Amino acid sequence: MKLGTCYYPEHWPEHLWPEDARRMAEAGLKQVRIGEFAWSRIEPQPGRLDWVWLDRAIDTLHGAGLEIILGTPTATPPKWLVDRMPDMVAIDDQGRPRGFGSRRHYCFSHRGYRAEAARITRAVAERYGQHPAIVAWQTDNEYGCHDTVLSFSDAARLAFRAWLADRYGTVDALNRAWGNVFWSMEYRSFDEVDLPNLTVTEANPAHWLAFRRFASDEVVAFNRNQVEILRQLSPGRDVVHNYMGFFTEFDHHAVAADLDVVGWDSYPLGFLDSFPFAEADKLAYARQGHPDIAAFHHDLYRGCTPTGRWSVLEQQPGPVNWARHNPAPLPGMVRLWTLEAMAHGAELVSYFRWRQFPQAQEQHHAGLLRPDNEPAPGLAEAAQSALDIAALGPVGEPVKQVALIFAYDADWVTKIQPQGAGLSALWATFACYSALRKLGLNVDIIPPTASLDGYALVVLPCVPIVPDALVAALQSFNGQVVIGPRSGSREPDFAIPGNLPPGPLQALFPAKVVRAESLRPGLTHPGDGWEIARWREDLETSSELELCASDGTPVCWKHGKVRYLAAWPEPGLASEVLSRAARDADLMLQPLPDGLRVRRAGKRIFAFNYSTQTSELPGSLAGKLILGERTLPPAGVTVLEA
């Protein structure tokens, strides 16, 4: 694994560039990511391209032995372009334009902007596509950041209508698929279909699902346009994009199909503060991040490409600026996050950013250097990580144990019609992932189309729309299967299956979900160390009832190799059901102390202590110590080899 940093030469006086490049190399950094926000400097006036500064910056970095990931600058179209095409900006769900003054102010559906994005991509690729320093290209930056996937513009409306005509063929087919006889919502032509915002009450959920699919396809098309240009003009270089954390607004699997490497931007402390974690966890892990945040995304994004190639393109090296609260990492955490990415198979960890910028929106976002050019705490940890990586050498292939199935349309369905606050498929998946990791298991997160070969246990935490290919794969799978709530509960156009949920999964588990209810806080059914909370289902089935709450409320059934969990995977309940399935799959369970996590790769076991207390490796984790000790300090890392 290589280390790198995100660098913005346009932000700094040119006399600093050689010194910066030298210090990067001395710290053990090998790659530099540049250019993704530089359009106004590359093209300060329409049609006038200024390459002089970028030529010198690239040559300076290359001269220090650094490889370059060059970004296409399309996430930040300049003011002169917005003035020329004022309708290119995205429109929010209240009909307000997303104006110039920050970033990501374009609409994916605007064909004029697509042409401009292709033009500047071609210009940059023609200039640098054969430069020996360029080893990879990054398309745009963080597609959809700041809620910009869904645009309610005129351009989106027209493109959506064309998309619907292509998908359904006739408006009568659309009316039938969406159930538009309800509330007299039937259309006479595709030209009558508007976008699903600004309705008096909720729009038809099938309408919303179609719009989300369309919007995702627009991101795929926008990205593909750039990829095709880059492959033509810069063959042999990788093409990457940087995904975000807990973000599901487009289908990342579909975008990844056009990429060589999937990247993501890792900000464990910002994510912990910004997303719905328990307050106790937010305090316990305030300076470390929840133990499963980074690993969850490592495994999710590794599963996005058939090759499994992935990187961390932005790694938090200190406090960030965008969460509600922004504490500094615990000493040692930057190193821990780096080595954990290595354990999960990353090709690169790139720290964001090299030097903290003293102006504009990210003044409080730490870098490896302070604004006064002195080292920030993260620099020493990055340098130590480089030494550790060199000492450890190749990691080895991840050990296959558990496959967790996640689909992006699953999260769309559960957000469009949640039926209960906070009950999204993404968080059901995270809950199961965390429960499995606490048991000491390796988890891969894969799409419904992926192969199940080599796994002992497959878990569907919440997959409402189940493709036929997944059913067939599960039928031929020899290991254990756990089906979670709401799985198989919707047909592709959002209808309840005629044979009731779990719909096509009845081929594996003979049952019907005859009623589902969401439960308000405090309305629970306690069990032995676990509880039914937030969501439960009533089943008609002849399968074996395996688990009941203390009041007799059934919650888990078993039919051969398949279990059905009929309640939300709250931590204790998820652990109970998944432990049973893992034991039946002959997986060795190793419940871990709070904050301790392990990852198996090749012949090695990596251990990471996210706790603020020392933690002992369980005796069952045996092997030769090649890094660290069996007693891990806070933010400690230990590596064993068999």
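Predicted model: local features only at pLDDT ≥ 70, side-chain atom pairs only at ≥ 80, totals over all residues.
Helix α14 itself takes in residues 377-392, which makes 16 residues, and from its first C-alpha to its last it reaches 23 Å, close to the 22 Å expected at 1.5 Å a residue.

## Two helix pairs

Two packed helices are described by the angle between their axes and the distance between the axes. For helix α6 (residues 154-168) and helix α7 (residues 171-178), the axes come within 9 Å and cross at roughly 85°, and α6 and α7 are therefore roughly perpendicular to each other. On the α6 side the contact is made by F160, L164 and Y168, while α7 contributes A173, L174, A177 and W178. Sorted by class, this contact of α6 with α7 has seven nonpolar residues, with no polar and no charged ones.

The second pair is formed by helix α16 (residues 425-438) and helix α18 (residues 571-584), whose axes come within 9 Å and cross at roughly 60°. Because of that angle, α16 and α18 are described as oblique to each other, and their crossing is right-handed. The residues that make the contact are C432, A435 and L436 of α16, together with A574, S575 and L578 of α18. They divide into five nonpolar, one polar and no charged.

## A buried and a partly exposed residue

Q226 has its place in helix α8 (residues 205-233), and it counts as buried because its relative accessibility is 1%. Leaving aside residues up to four places away in sequence, Q226 touches T72, T74, A117, T121, T139 and D140.

E67 is placed in strand β3 (residues 67-71), and at 23% relative accessibility E67 counts as partly exposed. When residues up to four places away in sequence are not counted, E67 touches K2, K30, Q31, V32, A133 and V135. E67 and A136 are 69 residues apart in sequence, yet their C-alpha atoms are 8.7 Å apart in space.

## Backbone details in the loops

Most residues other than glycine have a negative phi, and most peptide bonds are trans. Against that background, a cis peptide bond joins F352 and R353, with omega at about 10°, and R353 lies in the loop between β8 and α14. Another cis peptide bond joins P501 and P502, where omega is about 5°; P502 has its place in the loop between β12 (480-483) and β13 (511-518).

Positive phi values also occur in residues other than glycine, including R534, where phi is near 75°, and D586, where phi is near 65°. R534 is in the loop between β15 (531-532) and β16 (535-541), and at 33% relative accessibility R534 counts as partly exposed. D586 is found in the loop between α18 and β20 (596-601), and at 71% relative accessibility D586 counts as exposed.

How values were computed
Residues numbered from 1 in each chain as written. Heavy atoms only, no water. Axes fitted to C-alpha atoms, helices over the stretch in contact; angles between N-to-C directions. Helix = DSSP H or I, 4+ residues; strand = E, 2+ residues; numbered from the N terminus. Parallel < 35°, antiparallel > 145°, perpendicular 65-115°, else oblique. Left-handed = near helix turned anticlockwise from the far one by under 90°. Contact = heavy atoms within 4.5 Å. Nonpolar A, V, L, I, M, F, W, Y, C, P; charged D, E, K, R; others polar. Expected span 1.5 Å × (residues − 1). Buried < 20%, exposed > 50% of the residue type's maximum accessible area, 1.4 Å probe, protein only.
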